[in-house]
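Student: I have a chain to study and I am new to it. Could you take me through it step by step?

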Amino acid sequence: MLPTQTLARLTQLFFCLSLTLSPWAKAQDSTPVENEIVAVDFQHSGEVIAFIDYMVSRHDFSRSELETTFAHVSFCDKCLQLIKPAPAGKVKNWQVYRARFIEPQRIKAGVEFWNKYAAALIQAEKQYGVPAQIIVGIIGIETVFGKNAGKFRILDVLGTLGFAYPDTANRESRMAYFRGELEQSLLFARESGIDPFSLTGSYAGAVGWGQFMPSNLRAYGVDFDGDGKIDLRNSPIDAIGSVANFLTQHGWQTGMPLVFPLAPTSGHPENLIAKELHATYTLEQLSPYATPAQPDTPNQLLYGLIDLQNGDNLTEYWLATDNFFAITKYNRSYFYAMSVIELGKAVCHVRSLHAEC
Ligand SMILES: [Ca+2]
């Protein structure tokens, strides 16, 4: 991912949901000397050979074809540098984050995208119940509408992260995760009849306009332009359908609103912050601790409380429905989900000349 997206992407990486652990994931590990990057010899590494064994026995891949493939995988130093977490200790600041993503250039690109693909967005809303502005918000936050989809070869990324992840506390689980995604990328390429090296994306292995990891490509990607292929790199229309399908498969409900602000007088409801990314409270249950700022906040819905920290300034608290939490299945960050909503709304406002968004 490019610098403007680093925070969102890192959040996604380190809180990734769909860990696709595989039996070979616990293969023996080589521990590098601290701070020293040890390049993987993809042709001779015992772990890579074990991975090939697994792919042959589990998925009936041709051993010689996989050996040829891995002979062409390149070690990605840059991916290792970019994947390292940001230094800890800095207080999160929603308003700073928001300003980085909800800005004129991205909004302008969003209007152009919406105008160009209006028919597909309408069709996606009709078919999946996900409004255009949410799909626009996600694709805008993820890649600035395809501009920052990434040019790393996915096999290089996943091979490097899967076999030589930096020496962090969660190294084992991260390597298992990326090897699982490597497995999924090879399966996706085979199923799609494409050269796996043609799959390109971010330094973390996310592909195309919507930045789907390979496992999500296989599980939620759709051929929305009807050309017979699921292609999130070259088809924005496939990306539109796939994003909508992903949200629907993660609990999106047609017509359900997303968030409502709490009154600043609500005190400090920290203990009620939604940890499980689900809406579980009624307004009545929250009433001793949380007062909606808007009197028309629906009382028939369930809510989760979310907090948006603002550095040294007051933390914002919001009531979030399960549609908000569906967006967090894309990326577990509250900042991420809120920025998707805000960008979609901003694009909608500009595009429709301040009509209701
Ligand atoms: Ca297609």
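Predicted model: local features only at pLDDT ≥ 70, side-chain atom pairs only at ≥ 80, totals over all residues.

Student: How many helices and strands does the chain have?

Tutor: The chain has 15 helices and five strands. Both are DSSP runs numbered from the N terminus: helices are H or I with at least four residues, strands are E with at least two.

Student: And how much of the chain is buried?

Tutor: Of the 357 residues, 45% count as buried. A residue is buried if 20 or more other C-beta atoms lie within 10 Å of its own, exposed if 12 or fewer, and partly exposed in between, with C-beta atoms placed from the backbone.

Student: What share of the contacts is between residues 24 or more positions apart?

Tutor: Such pairs account for 72% of the contacts in the chain with a separation of 6 or more. Two residues are in contact if their C-beta atoms, placed from the backbone, lie within 7 Å.

Student: Which residues of α2 are buried?

Tutor: V48, F51, I52 and M55 are buried in α2. They cover an arc of only 100° around the axis, so they sit on the same side of α2. The arc is that of the directions from the helix axis to the C-beta atoms. In general, an α-helix has 3.6 residues a turn, so residues three or four places apart point the same way.

Student: Which residues are exposed on the other side, and what do the buried ones pack against?

Tutor: G46 and S57 are exposed on the other side of α2. The buried residues of α2 pack against α3 (63–71), α9 (154–163) and α10 (171–192).

Student: Is A71 buried or exposed?

Tutor: A71 is exposed because it has 10 other C-beta atoms within 10 Å.

Student: New topic. At what angle do α8 and α12 cross?

Tutor: The axes of α8 (residues 132–143) and α12 come within 10 Å and cross at roughly 110°. That makes α8 roughly perpendicular to α12. Axes are lines fitted to C-alpha atoms, for helices over the stretch in contact, and angles run from 0 to 180 degrees between N-to-C directions. Angles of 65 to 115 degrees count as roughly perpendicular, under 35 as roughly parallel, over 145 as roughly antiparallel, and the rest as oblique.

Student: Which residues meet there?

Tutor: I135, I138 and I139 in α8 meet A239, I240, V243 and A244 in α12.

Student: Buried or exposed, how does V243 count?

Tutor: V243 counts as buried because it has 30 C-beta neighbours inside 10 Å. Beyond residues up to four places away in sequence, V243 touches I135, I138, I139 and G210.

Student: What about Q249 in α12?

Tutor: Helix α12 spans residues 236–249 and contains Q249. With 14 C-beta neighbours inside 10 Å, Q249 counts as partly exposed.

Student: Finally, what is phi for F145 and Q211?

Tutor: F145 has a positive phi of about 55° although it is not a glycine, and phi of Q211 is near 55°, also in a residue other than glycine. In general, most residues other than glycine have a negative phi.

Student: Where do they lie?

Tutor: F145 is in the loop between α8 and β1 (152–153), and Q211 is in the loop between β2 (200–201) and α11 (214–220). F145 is buried, with 25 other C-beta atoms within 10 Å, and Q211 is buried, with 30.

Technical notes
Residues numbered from 1 in each chain as written.
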